[in-house]
Amino acid sequence: MNEQYDVVVIGAGPAGYVAAIRCAQLGFRVACIDDYLDEQNKPSPGGTCLNIGCIPSKALLESSHHYQQAQQQFAEHGIRIGQLELDLAAMQTRKQQVVRDLTGGIQSLFKANQVAFYAGRGTLGQNNRVDVVAHDNTTTQLMAEHVILASGSRPVELPFAPFDGKQVVDSTGALAFESVPKRLGIIGAGVIGLELGSVWQRLGAEVVVLEAQETFLPDADNTIAKQANKLLGQQGLDIRLGTRVDAVHTGNTVRVDYTDGQGSQSLECDKLIVAVGRRPNSEALCSDDLSLSSDERGFVQVDDHYRTGLNKVYAVGDLIPGPMLAHKSMEEGMAVAERIAGQFAEVDYDNIPLVIYTHPEIAWTGRTEQQLKETGVDYRVGQFPFSANGRARAAGDTEGIIKVLADARTDRVLGVHMLGPQASELIAQAVVARAFATSAEDLALTMFAHPTLSETFHEAALDVADRAIHRAPPRKKKH
Ligand code: FAD
Ligand code: NAD
């Protein structure tokens with residue numbers, strides 16, 4: 001079989017499926033290929049994000065948060081429950097149903113937009129011919145005017161701690177534990193380490209996280225990172241910074257030998273999650289007679305139009321440099337489609353929200369205070385604690401702060417940093433504000449509904465000019 005398309009997309013994750021749908025909206029004849037099979041061996045478009053990433057992790061974060069609230073918070077609200085019981089199998093089944101509903105949704109969207117979906121592995125050959133090897137080993141040839149590569153990424157494996165799927169697992173394994181490990185070790189206090197560490201700690205595991213760097217979340221604003229480290233520690237996550245893992249031994253249990261400031265140490269645990277980053281799926285995407293240019297870490301190199309060096313071949317998402325985030329991937333998916341259609345499209349890389357779904361949540365956009373100091377930008381700081389916010393108090397969820405950084409000369413908002421309840425939702429206000437080059441005064445002059453958590457953002461903006469209402473004087477000295 002030899003099918004002709006205007007655009008063929010390899011990969012149906014957030015970058016690929018969005019690119020495919022947007023191309024179809026723009027009038028192109030589109031095919032999208034994906035090789036992922038779910039636990040029932042069924043094709044399941046949606047990529048890492050929907051199948052084994054954002055969505056299942058958030059389902060478990062939500063469920064484990066409810067469990068912990070029932071244990072620790074309900075009594076304070078005057079709700080008494082009898083014996084609390086964890087049904088992990090039901091929790092996992094619910095998670096899988098959420099995934100199935102959403103991946104089924106992608107298949108429906110493909111149908112509705114007339115995107116042809118091919119389940120199998122795609123390989124790009126000469127003249128933009130794409131061979132699709134289906135799971136039954138039959139091959140289909142697709143001819144394309146344009147090809148979009150969106151093959152995503154996979155977990156980095158440490159040579160001394162290979163994944164065995166049982167005791168030493170990656171994030172996929174860690175989302176599927178059938179029982180709560182008594183002692184859980186995690187290598188890497190990055191986003192996955194903290195999110196999945198929180199899930200299993202809330203469900204009863206003793207969690208130790210070994211992190212190589214001396215600084216906790218070095219890319220976050222220091223004020224937020226310090227408070228988050230303290231709060232997560234109080235919750236029971238034992239985060240050990242500045243550790244070098246030397247060896248991992250498996251047997252009845254897992255022993256992790258590591259070195260820290262005090263010398264050689266070892267950690268005994270029942271399961272070990274290795275969460276030390278992800279690497280792009282850039283190998284084996286093309287036939288041997290084509291060469292795709294990539295950097296030393298395997299990220300495919302593209303220009304401002306997402307063009308690779310190959311004619312009418314583009315790359316987007318985790319496959320190219322930049323933060324490995326679903327929303328960044330989706331924006332690139334849309335932008336590449338519009339570029340192919342000859343339209344103007346740009347992704348605002350200076351305004352990408354980053355969110356860590358711990359409790360409280362951590363979220364930010366723009367510059368951190370340490371970055372402003374390093375680059376010699378004169379700035380003003382406004383900050384406001386959730387403990388002084390009426391809605392947060394009503395909810396009994398008062399940990400954290402919002403911090404606004406504004407240019408001292410122009411008052412333009414340069415960065416917004418949040419640690420607090422619903423920070424993942426609240427940060428959207430800051431992203432919109434920054435997209436329109438808002439000043440802190442613009443935000444101060446805007447009306448926010450009362451009582452809402454958003455008022456914390458309003459007060460932080462007011463505080464840039466020392467005008468926050470719901471906090472006691474004396475005024476703090478600016479930086
Ligand atoms: P992917 O989602 O990886 O999709 C690529 C697809 O292409 C896959 O289905 C793959 O099987 C397929 N493929 C690869 N090669 C071929 C081939 N040759 N032929 C056919 N198909 C192929 N990001 C967030 O923004 N928010 C979050 O909360 C979040 N949580 C996460 C939690 C976890 C546990 C993990 C692991 C990741 C999380 N991420 C999150 C990151 C997010 O999942 C990725 O940034 C995003 O999925 C990247 O999208 P993509 O389309 O580039 O690639
Ligand atoms: P990460 O880059 O966020 O964190 C990896 C951590 O491991 C870093 O702190 C690093 O210093 C540490 N590390 C590396 N090697 C180590 C070693 N040998 N010993 C000890 N520590 C070591 O990577 P991740 O947590 O694996 O997540 C992968 C990607 O998935 C990230 O790029 C992230 O953006 C994405 N993701 C995003 C979300 C979200 O947006 N909420 C959630 C999960 C994953």
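**View 1. Gly 277 and an oxygen atom of ligand 2 in a predicted model.** A polar backbone atom of Gly 277 is 2.8 Å from an oxygen atom of ligand 2; a polar contact is a pair of N or O atoms within 3.5 Å (within protein, one must be able to donate a hydrogen and the other to accept it, and residues adjacent in sequence count only if both atoms are side-chain atoms). An oxygen atom of ligand 2 also lies 3.1 Å from a backbone N or O atom of Met 324. For Ala 212, a backbone N or O atom is 3.1 Å from a nitrogen atom of the ligand. On its own, ligand 2 has 850 Å² of accessible area (Shrake-Rupley method, 1.4 Å probe), and the protein covers 76% of this.

**View 2. The residues around ligand 2.** There are 18 such residues, each with a heavy atom within 4 Å of the ligand. Ile 192, Glu 195, Glu 211, Gly 277 and Val 355 come nearest.

**View 3. Where domain 1 meets domain 3.** An automatic or database assignment sets the domain bounds: domain 1 is 3-155 + 279-340 and domain 3 is 354-463. Their contact (heavy atoms within 4.5 Å) takes 7 residues from domain 1 and 6 residues from domain 3. The buried area, meaning accessible area (1.4 Å probe) lost on being put together, summed over both parts, is about 490 Å². Lys 58, His 65 and His 77 supply 48% of what domain 1 buries here.

**Notes.** Residues are numbered from 1 along each chain as its sequence is written, and chains are lettered from A and ligands numbered from 1 in the order written. In this predicted model local features need pLDDT of at least 70, side-chain atom pairs count only at pLDDT 80 or more, and totals for chains, interfaces and linings use all residues, while side-chain values use heavy atoms, without hydrogens and water.

Note on methods
Buried area is the accessible area (1.4 Å probe) that two parts lose on being put together, summed over both.
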